[in-house]
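Subject: Structure for you to look at

Hello,

Here is the structure I promised to pass on. Please open it and keep it beside this email as you read.

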Amino acid sequence: MALIRKRRLTEQQQRRIQKQHKTRQEDLDTSDDLEGLVVQHYGRQLEVQALSVPQEHPIQPEVKDGEPDPFWKPIELGSVWRCHTRTNLELLVTGDRVKWQADPNTGLGIITAIQPRRSLLTRPDRYHKVKPVAANISLIVIVIAPLPEPAPTLIDRYLVACADADIPALLVLNKCDLLLENDDPRLKLVEEYQSLGYEVMLTQANSDFSELKTRLDNETVAFVGQSGVGKSTMINAIVPDAAQKTNIISENSALGQHTTTSTRLIRFGENGALIDSPGIREFGLWHLDYDKIDHGFPEISAFIGHCQYRNCTHTHEKQCAIKQAVVENKVLARRLDSYLRLVDEITEAQQKN
């Protein structure tokens with residue numbers, strides 16, 4: 001039997017098909033659009049939670065005696081729908097508020113528009129492109145724990161990202177019951193950030209997290225931090241029906257094992273939501289400019305421009321205002337190291353481009 005070859009389309013035919021597809025979507029009647037919230041992302045498809053229902057609900061088809069019941073999904077508040085997006089929309093992320101339409105006959109929907117964002121958290125991906133992580137966040141919770149060992153440089157990167165997105169940060173030291181002494185360096189690390197003006201909180205493993213619940217009320221929160229610090233366990237305690245998977249620290253490597261594979265939004269209370277993002281061990285910021293890095297280190301930026309030399313590198317110059325601030329304990333030496341490391345990354349990235 002002869003094989004049927006797949007017809008190869010010319011570039012002109014492909015463009016015509018794409019134009020027809022786009023026209024069909026642009027001609028879509030948006031008068032019946034519903035309000036929705038993107039709660040999870042699956043590549044080209046997203047899960048949208050219904051925040052409104054149609055004024056007139058579609059009528060379920062009648063079934064004659066002896067015929068099987070056809071598929072039918074009612075449009076209800078809080079129901080979650082797998083949706084496609086119109087081709088002319090920008091990349092959507094978890095937390096986006098959208099306009100969408102539902103098809104009860106298939107259980108699928110189509111996103112027709114995106115609402116203006118109040119905030120957007122981004123980071124570079126492995127291909128050196130800026131990738132949005134989550135939208136409309138009002139608070140970022142940076143979670144650390146005694147194990148895996150906290151990485152101050154990673155915390156600083158998160159704080160720079162928060163400053164760039166203009167989103168407040170809360171630094172949480174989880175599993176603090178594992179600390180053996182009051183002068184534990186990990187506790188001192190949190191106290192240093194508190195002295196810099198950042199909000200901090202201590203929580204214990206397997207606790208009810210009541211204080212944290214109160215703080216997160218009416219907030220849309222993104223949880224970030226190394227894998228294994230207890231983010232998913234924390235979310236399970238705050239929202240018991242979240243059904244988040246948890247894992248344990250690898251005894252061999254003392255590093256966390258990734259348990260969350262995609263950014264997911266979980267409604268919390270009446271107006272709040274929790275977002276759990278995949279564990280991030282490195283958070284590149286090479287796409288930012290020098291001014292944005294300065295903005296992420298407020299105690300250092302206060303001394304920028306006061307050095308003797310205009311092009312001071314803050315590394316070896318004698319009349320450096322920032323180095324003098326370190327000597328006078330106005331700036332932490334490790335924070336200056338983090339700052340200079342990020343500046344070097346940006347310089348190297350600019351030279352490559």
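Is Trp100 buried or exposed? Trp100 is buried, because its relative accessible area is 0%. Keep in mind that this is a predicted model.

**The tryptophan pair**

Trp100 has a partner. Its ring and that of Trp81 have their centres 5.7 Å apart. The planes meet at 55°, so this pair counts as tilted. Trp81 comes from strand E3 (residues 80-85), and Trp100 from strand E4. The two residues are 19 apart, so to speak of the pair is to speak of a link between distant parts of the chain. Trp81 is also buried, with a relative accessible area of 0%. Now look at Lys73. Its charged end sits over the ring of Trp81, 4.4 Å from the ring centre.

**Ala102, on strand E4**

Stay with strand E4, which covers residues 97-103 and includes Ala102. Asp33 and Ala102 are 69 residues apart along the chain, yet 8.5 Å separates their C-alpha atoms.

**Other aromatic rings**

The whole structure has 3 aromatic pairs. One of them is the tilted pair of Trp81 and Trp100. Another is formed by Tyr193 and Tyr198, with ring centres 6.2 Å apart. Their planes stand at 65°, so this pair is edge-to-face. Tyr193 is buried, at 0% relative accessibility. Tyr198 is at 18%, and that value also counts as buried.

**The nonpolar cores**

The largest nonpolar core has 53 residues. Which of them touch the most other members? They are Ile137, Ile140, Ile142, Ile293, Leu336 and Tyr339. Helix H2 (residues 152-165) gives the most to this core, with 8 residues.

**Cysteines**

How many disulfides does a search of the whole structure find? The search finds 0.

**The whole chain**

Finally, step back. The chain has 353 residues, and 43% of them count as buried. There are 9 helices and 13 strands. Take the contacts between residues at least 6 apart in sequence: 67% of them join residues at least 24 apart. The chain exposes about 20900 Å². Carbon and sulfur atoms supply 48% of that area.

Best wishes

Notes: Residues are numbered from 1 along each chain as its sequence is written. This is a predicted model: local features need pLDDT of at least 70, side-chain atom pairs count only at pLDDT 80 or more; totals for chains, interfaces and linings use all residues. Side-chain values use heavy atoms; hydrogens and water are left out. A nonpolar core is a set of buried Ala, Val, Leu, Ile, Met, Phe, Trp, Tyr and Cys residues joined through side-chain atoms within 4.5 Å. Buried means under 20% relative accessible area, exposed over 50%, partly exposed in between (1.4 Å probe, protein chains only). Helices (H or I, at least four residues) and strands (E, at least two) are DSSP runs, numbered from the N terminus. A disulfide is a pair of cysteine sulfur atoms within 2.5 Å. Contact means heavy atoms within 4.5 Å. Accessible areas come from the Shrake-Rupley method with a 1.4 Å probe; for residues, only the protein chains shown count as cover. Rings of Phe, Tyr and Trp (its six-membered ring) pair if their centres lie within 6.5 Å; planes under 30 degrees apart count as stacked, over 60 as edge-to-face and the rest as tilted. A charge sits over a ring if NZ of Lys or CZ of Arg is within 6 Å of the ring centre and within 35 degrees of the ring normal.
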